[in-house]
Amino acid sequence: MKKVLIINGGQNFGHSGGKYNQTIAENTLEALKKFENVEVKVSNISEGYDKNAEVDKFIWADFIIYHTPIWWFQLPNGFKKYIDEVFTAGHAKGIYMSDGRKADNPQINYGTGGMLGGRKYMVTTSWNAPETAFTLPGEFFSETSVDNGPLFGFHRMNAFVSLEKMESFHFHDVEKNANIDCDMKLYREHVTTVFEKELKQQLV
């Protein structure tokens with residue numbers, strides 16, 4: 001039995017109602033239904049959470065799937081608070097033991113004290129920015145991808161606790177030009193492809 005934790009970081013704030021990321025989470029569940037022997041738990045951050053119970057979920061899971069909007073090029077405040085609280089609560093309790101360094105040579109091995117080894121994660125993000133803002137010369141993100149640019153720190157955060165990255169999926173232009181049916185179809189295909197690969201590798 002493979003265990004999947006879905007973390008929905010969408011929230012109701014300002015002009016955002018969190019509905020788009022709720023739809024993404026629902027489509028994740030739909031895509032995972034085709035796999036046998038997969039158990040899923042969902043954490044909807046906007047509904048509240050117990051930080052220690054969330055630590056237990058990270059330890060329980062084989063795969064973590066994060067869904068988050070991007071606000072001002074960063075995680076929304078509720079999701080960032082969740083990470084701060086849950087990961088801190090997981091210190092020496094299953095998420096990380098230390099920063100990995102030793103007193104006799106503190107210049108090396110930073111970021112090697114994670115306790116979630118053997119687990120993997122995937123992240124989806126939703127943007128007002130069109131995909132071309134990341135790919136075209138002269139456009140806003142200077143041809144830097146979401147993963148290598150705005151999400152660089154997020155990926156290092158997961159590496160710090162020893163989680164291994166799976167291929168991300170990013171939704172673009174969701175405020176002005178969203179094509180939800182098409183986007184969700186492509187996303188379900190992405191989830192299917194990623195998990196078929198992961199589950200096949202674990203059977204080898």
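Let me start with strand β3, residues 63-69, where seven of the seven residues are buried, so the strand is largely enclosed by the rest of the structure; buried here means under 20% relative accessible area with a 1.4 Å probe, protein chains only, and strands (E, at least two residues) and helices (H or I, at least four) are DSSP runs numbered from the N terminus. This is a predicted model, in which local features need pLDDT of at least 70 and side-chain atom pairs count only at pLDDT 80 or more, while totals for chains, interfaces and linings use all residues. Residues are numbered from 1 along each chain as its sequence is written, and side-chain values use heavy atoms, with hydrogens and water left out.

In a regular strand the side chains alternate between the two faces of the sheet. In β3 both faces are covered, with Phe-63, Ile-65, His-67 and Pro-69 buried on one side and Ile-64, Tyr-66 and Thr-68 buried on the other.

As for its neighbours, β3 pairs in the parallel sense with β1, residues 2-8, over five bridges, pairing requiring at least two DSSP bridges, and Tyr-66 is the bridge partner of Ile-7. β3 also pairs in the parallel sense with β4, residues 120-126, over seven bridges, and there Pro-69 stands opposite Ser-126.

Which residues of α3 are buried? They are Gly-78, Phe-79, Tyr-82, Ile-83, Val-86, Phe-87 and Ala-89, and, seen down the axis of α3, they fall within an arc of 155°, taken from the directions from the axis to the C-beta atoms, so they line one face of the helix.

Key
Buried means under 20% relative accessible area, exposed over 50%, partly exposed in between (1.4 Å probe, protein chains only).
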